Amino acid sequence: MADLRPLDGDTLEAILERIPRLTIGVVGDLFLDRYLDLDAALTEPSLETGLDAYQVVGVRSYPGAAGTVLNNLVALGVGRVCPISLIGSDGEGYELRRALKRMPAVDLRGLIVTSKRRTPTYTKPMLHSAGVPRELNRLDIKNRRRMPEGLDGWVAHLLGEFWPQFDGLVVLDQVSESDCGVVTGLIRLLLTDLTAKEPGKFVLADSRDRIGLFRGVSLKPNRQEALRAVGLPLDDSEESLQQGAGQLARQAGCWVFCTDGARGIYLASPQVGDYTKLTRIPTYPVSGPIDIVGAGDSTSAGIVCAMASGATVEAAAAFGNLVASITIQQIGTTGTATPDQVRQRWRETN
C-alpha cells in the first residue's frame, strides 16, 4: 500500500486561487445547531425536582449537518454556494434561515420551506466550568416519518435545475432513518443519471447508513461506515479496510475517500478486477486539545474544492486533511478554515 503526502506549495496555491471562481452545490439535510452556554457557577437546585437547574448565559445558532459543509465552503472562499434542501416553516427553520442569510456567497433559491416537515435541530448544552467547556447530553429534533409524497420530487427538480451551474457537488445524507431525510432513493437515482451524462463533474457523497447505495459518485465513508456497508466485521486492520473500501469503489464505479481518524484518508480506486489500489494520505500533525465535531464535513468541503479546482485525487485528499487539521482545534464549536489559516498551517507543517 502506497503512503503519500502529495500536496506541494504550488498545488496548494493553485487550489486556493481557483476556489473563489467556483460554484459548489450541497444537497442534503440542513440541521440547526443550537449551542446553549451554561455557567457552572450559576447552577442552582430546582425547587420542584431537586435536580440541578443549569443557567443559560448565551445561545449560539449555526447551520449544521449540510450547513456545516456550507460553513466550510464559505470560509474557504468559494464564490457561490448553492444548498438544495428543505426545512420546516417553524421557529427553528426561521432561526436557521436567518443564520444562512448571514453567510456570504450562499444562494438560497434551492431551499424549500414547508409546513410538512420539522426543521431538524441538534441542541447542544455546553457547561462552562473554570473556563473549560464540556458538552452535556444533546437534544435532537428529527423527522422520523418518510418524506411526504412529492417533496423529494421537488428537491429532485431543483437539483436538476441547478446541476449545470455546479463545478462540484457535496451530498450529505445525515438522517439515519431511510427516506426520512432529503437524500431519498429518488435523489440517489437522479445523481446516478446526472453523473452518467456528465462524468467529469465531481460529486462526493457522505452517508451515515447508506453509503453503499450510491452509484456513479465518489464516496467519503469513515472506516466503520465502509466496513458496515459491505458486510465486513468492524475490525482495525488495513486488510479489512482495503477489502471494504475497494469493494465500495467497485460498486460505485468511482473513488472512495475513506477517513480513518488520525491515520488519515485511504484512497480506493474504482479499478475493475480483484486488485484495487489503496493509498494512504496521512493527516497533518496538531498539538493540544481537539474537537472532532464537524471534521468530516470540513474534509468533504476541502476535497470537493480541490477536485473542482483540477487537483488529483491524492492532492484533494491531502487538502481535505489539511483543512480538517485546522477545524479540529476549534473547541466547543463546529470549526472552519480560511485560506490564510490553510496557508499558515501548510507553512507550519512543511
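## Residue T123 in strand β9

In this predicted model, T123 is part of strand β9, which spans residues 121-129. The relative accessible area of T123 is 10%, and the residue is buried because this value is under the 20% cut-off. Not counting residues up to four places away in sequence, T123 touches R34, L36, R138 and L139.

## Residue L151 in helix α4

Helix α4 covers residues 151-162, and L151 is found in it. With a relative accessible area of 5%, L151 is buried. Its contacts, leaving out residues up to four places away in sequence, are with L86, T114, K116 and R117.

## Helix α1 and its two sides

Helix α1 runs over residues 9-18, and its buried residues are L12, I15 and L16. These three cover an arc of only 95° around the axis, which means that they sit on the same side of α1. D10 and E17, on the other side of the helix, are exposed.

The buried residues of α1 pack against three further helices: α8 (295-308), α9 (313-327) and α10 (339-349). At the start of α1, D8 places a side-chain oxygen within 3.3 Å of the backbone nitrogen of D10.

## The packing of α9 and α10

Two of the helices that α1 packs against, α9 and α10, also pack against each other, at an angle of about 100° and with their axes 10 Å apart. Angles of 65 to 115 degrees count as roughly perpendicular, and α9 and α10 are therefore described in that way. On the α9 side, the residues that meet α10 are F319, L322, V323, S325 and I326. Their counterparts in α10 are Q341, V342, R345 and W346.

S325, located in α9, may be described in more detail. Its relative accessibility is 3%, so S325 counts as buried. The side chain of S325 reaches the backbone oxygen of L322 at 2.7 Å. Leaving aside neighbours within four places in sequence, S325 is in contact with Y284, V286 and R345.

Strand β2 comprises residues 23-28; six of its six residues are buried, so the strand is largely enclosed by the rest of the structure. In a regular strand the side chains alternate between the two faces of the sheet. In β2, T23, G25 and V27 point one way, while I24, V26 and G28 point the other way. Residues on both sides are buried.

Strand β2 runs parallel to strand β7 (residues 80-88), to which five bridges join it. Within this pairing, I24 has V81 of β7 as its bridge partner. Strand β2 is also joined by five bridges to strand β12 (residues 168-173), again in the parallel sense. Here the bridge partner of G28 is L172 in β12.

## The enclosed helix α2

How many of the 11 residues of helix α2 are buried? The count is 11 of the 11 residues, which span positions 66-76, so α2 is largely enclosed by the rest of the structure. Among these buried residues are A66, T68, N71, N72 and L76. After α2 comes G77, which has a positive phi, near 95°.

Strand β15 (residues 256-259) and strand β16 (residues 265-268) pair in the antiparallel sense over four bridges. The bridge partner of F257 is L267 in β16. Five residues lie between the strands in the hairpin of β15 and β16, where G261 takes a positive phi near 60°. In β15, V256 and C258 point one way and F257 and T259 the other, and all are buried.

Strand β16 also pairs with β17 in the antiparallel sense, over four bridges. L267, the partner of F257, has T279 as its bridge partner in β17. Strand β17 (residues 278-281) is covered on both faces. L278 and R280 are buried on one side of β17, and T279 and I281 are buried on the other.

Methods: Residues numbered from 1 in each chain as written. Predicted model: local features only at pLDDT ≥ 70, side-chain atom pairs only at ≥ 80, totals over all residues. Heavy atoms only, no water. Buried < 20%, exposed > 50% of the residue type's maximum accessible area, 1.4 Å probe, protein only. Arc of directions from axis to C-beta. Contact = heavy atoms within 4.5 Å. Polar contact = N/O pair within 3.5 Å; in protein donor to acceptor, adjacent residues only side chain to side chain. Pairing = 2+ DSSP bridges. Axes fitted to C-alpha atoms, helices over the stretch in contact; angles between N-to-C directions. Parallel < 35°, antiparallel > 145°, perpendicular 65-115°, else oblique.
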